[in-house]
Amino acid sequence: MYVMYVYVRMLYVAPPDKKSREAIAEIRLKNISHEEEVTASGIAGLTEGFSGAEVCAVFQRAAAKAMEEDVHAGSLAMSHVLAAVSGVSSRITPEMLRWYQGFAKGAKGRGASVAST
């Protein structure tokens, strides 16, 4: 007779803080021609509560907005970013944050490590 044990490990990674969202935006902006008004700091401020993937989605939508406006668009403008942010909503609800924060507190009490940004 064989007995199989399953070990499940849960890891809580908090949503990115402003500094982390700014770092994500800086990485994305390195590869995109953009107007001077489009800054990593500005985008980080507009994406409060967004996950890292959602911050990246803002760039994809902004590029699509620029191309909708002009298929030969040379650079990304703040108007494209603002339109993109209004079209991307955070999937992280306050209820989810409370649940995971409670989980993280309980996990720390059991000696588990919890990642945060």
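1. Aromatic pairs. In this predicted model, two aromatic pairs are counted among rings whose centres lie within 6.5 Å. In one of them, the ring centres of Trp99 and Tyr100 are 4.8 Å apart and the ring planes stand at 85°; the pair is therefore edge-to-face, since planes over 60 degrees apart are classed in that way. In the other, Trp99 and Phe103 have ring centres 5.9 Å apart and planes at 0°, so this pair is stacked, the criterion being an angle under 30 degrees.

2. The aromatic cluster. Trp99, Tyr100 and Phe103 form one aromatic cluster. Trp99 and Phe103 both belong to helix H5, which spans residues 94-109. They are four residues apart, which corresponds to about one turn of the helix.

3. Tyr100 has a relative accessible area of 32% and is partly exposed. Phe103, with a relative accessible area of 18%, is buried, because the limit for burial is under 20%.

4. The largest nonpolar core. This core holds 17 residues. The members that touch the most other members are Leu29, Val38, Ile43, Phe50, Val58, Phe59 and Val81. Two or more residues come from each of helix H1 (18-30), helix H2 (40-46), helix H3 (52-69) and helix H4 (78-87). H3 gives the most, with five residues.

5. Surroundings of Leu29. Once neighbours within four places in sequence are set aside, the contacts of Leu29 are His34, Val38, Thr39, Ala40, Ile43 and Phe59. Among these contacts, Val38, Ile43 and Phe59 are also listed with Leu29 as core members that touch the most others.

6. Packing of H3 and H4. Two packed helices are described by the angle between their axes and the distance between the axes. The axes of H3 and H4 come within 8 Å and cross at roughly 125°. The crossing of H3 over H4 is right-handed. On the H3 side, the meeting residues are Val58, Arg61, Ala62, Lys65, Ala66 and Glu69; their counterparts in H4 are His80, Val81, Ala83, Ala84, Val85 and Gly87.

7. Packing of H1 and H3. These helices pack at an angle of about 35°, and their axes are 10 Å apart. H1 passes H3 in a right-handed crossing. H1 contributes Arg21, Ile24, Ala25, Arg28 and Leu29, which meet Gly52, Val55, Cys56, Phe59 and Gln60 in H3.

Conventions: Residues are numbered from 1 along each chain as its sequence is written. This is a predicted model: local features need pLDDT of at least 70, side-chain atom pairs count only at pLDDT 80 or more; totals for chains, interfaces and linings use all residues. Side-chain values use heavy atoms; hydrogens and water are left out. Rings of Phe, Tyr and Trp (its six-membered ring) pair if their centres lie within 6.5 Å; planes under 30 degrees apart count as stacked, over 60 as edge-to-face and the rest as tilted. Buried means under 20% relative accessible area, exposed over 50%, partly exposed in between (1.4 Å probe, protein chains only). A nonpolar core is a set of buried Ala, Val, Leu, Ile, Met, Phe, Trp, Tyr and Cys residues joined through side-chain atoms within 4.5 Å. Contact means heavy atoms within 4.5 Å. Axes are lines fitted to C-alpha atoms, for helices over the stretch in contact, and angles run from 0 to 180 degrees between N-to-C directions. A crossing is left-handed if the near helix is turned anticlockwise from the far one by less than a right angle, and right-handed if clockwise.
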